[in-house]
Each structure stands twice: as structure tokens, then as C-alpha cells.
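Please look at the sequence and the model together before reading on.

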Amino acid sequence: MRKLTFGMNLSLDGYIAAPGDDLGWSVPSDELFQWWSDRVGVTGLALYGRKLWETMSSHWPTADQQPGATPAEIEYARRWRDMPKVVFSSTTSTVDWNTRLVTGDAVTEITRLKAEDGGPMDIGGATLAAAAMRAGLIDEYVLVTAPVLVGNGTPFFTALDNWVNLTLMETRTFPDGVLLTRYETRR
């Protein structure tokens with residue numbers, strides 16, 4: 001059975017994007033960027049919702065070819081392209097870069113993918129992760145919390161029908177007061 005992790009940068013008040021999908025507050029330090037890159041390097045399968053897919057696929061496929069790309073950005077771009085990905089969308093028609101498109105029920109497909117053999121899976125995108133959260137499919141939560149209050153926007157957590165009990169597995173501090181906390185779902 002594969003493990004499913006939901007991890008993203010978020011503001012102290014719990015948002016993954018400020019109003020207008022503004023991510024300007026979440027620029028990672030070099031150390032945090034490397035941590036995310038290493039995570040992509042060991043991800044067996046990444047699951048994306050449409051909006052996050054559009055954001056990632058508009059930049060990372062060619063980021064290593066941009067003038068001034070750092071060695072870390074070059075490495076991340078390569079890892080991102082090589083990582084197997086599934087995009088869940090009823091409006092996207094084509095995907096590329098080692099990616100498969102799913103237009104059907106996300107919860108059914110994620111349940112099927114979890115039952116397969118293979119490396120760990122990461123899920124990204126607020127709407128997609130919310131569906132997996134409500135269905136009880138997420139095994140681990142990784143919160144990379146920036147010391148900023150944005151007041152509104154896209155929340156990391158969705159409204160739930162039942163409590164989800166968690167066990168703290170790791171804490172780590174990054175530059176600029178960014179705090180990583182990793183929790184495992186108690187079953």
C-alpha cells in the first residue's frame with residue numbers, strides 16, 4: 001500500500017495562497033528549496049489538481065534552460081520532469097512531462113493508486129487534497145509554515161465531517177522563521 005502525503009507551504013493563518021492566488025509571501029530560502037527538491041526526488045507519484053498543475057507546468061518544464069537558472073533550480077526542473085505525475089481535471093485536455101490525465105472521480109482513482117505497489121505519493125492542490133482529506137486517504141501532512149498572516153485566500157485545510165487525529169513526526173526550522181511540521185494520521 002502506498003503512502004499519500006499532502007504537503008505545501010502555508011501562511012501562519014493557514015492559507016496556501018493569498019487572495020488572487022498571490023504566492024509572493026512563500027518564496028523559499030535556498031535550504032527550504034533544496035528540501036522540497038529532495039522530496040520530489042523520492043516521490044514515486046505526484047497527484048495534482050488542475051490549478052497547481054497549470055502553475056507547475058507553466059514554469060518547471062523549461063526552468064533549467066532560463067538565463068540565470070541556479071544549480072538547484074536546474075536539479076529541481078529535472079527531478080520534476082522525471083517524476084511520474086497524475087493530473088485530475090475535467091477541463092484540461094492534454095498533459096506532458098511524464099504525466100497522465102484523469103478526468104473521472106478523483107477519490108476512486110486515488111484509492112486505486114494507493115492500493116498499488118510503488119513509492120510514496122504526494123498530493124497537491126487545495127481542491128484535490130480536500131477531496132482526499134474528506135475521504136480519509138491522506139496518511140501524512142507536511143506543513144511548511146511561513147511567519148506571515150495573509151488574512152484570506154486558499155486554505156490548506158478543508159471543512160471535514162470528522163476529526164482527524166494526528167501524531168507529530170518531525171519539526172524543523174528553516175531560515176527566516178519558517179517551520180516545517182510533519183504529522184502522521186492516526187488510524
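UniProt positions are given in the numbering used here, feature names are shortened, and annotations may be inferred rather than shown by experiment. According to the unreviewed UniProt entry, residues 3-180 carry the feature "domain: Bacterial bifunctional deaminase-reductase C-terminal". This is a predicted model, in which local features need pLDDT of at least 70 and side-chain atom pairs count only at pLDDT 80 or more, while totals for chains, interfaces and linings use all residues. Residues are numbered from 1 along each chain as its sequence is written, and side-chain values use heavy atoms, with hydrogens and water left out.

- Leaving aside neighbours within four places in sequence, Phe 6 is in contact (heavy atoms within 4.5 Å) with residues including Ile 123, Met 133 and Phe 156.

**Helix α5**
- Helices (H or I, at least four residues) and strands (E, at least two) are DSSP runs, numbered from the N terminus.
- In helix α5 (residues 126-134), the residues Leu 128, Ala 129, Ala 130, Ala 132 and Met 133 are buried, where buried means under 20% relative accessible area, exposed over 50% and partly exposed in between, with a 1.4 Å probe and protein chains only.
- Among the elements covering these buried residues are β1 (4-11) and β7 (140-146).

**Backbone angles**
- Trp 97, which is not a glycine, has a positive phi of about 60°, and its place is in the loop between β4 and β5 (99-102).
- Asn 98 is found in the loop between β4 and β5, and its phi is near 65°.
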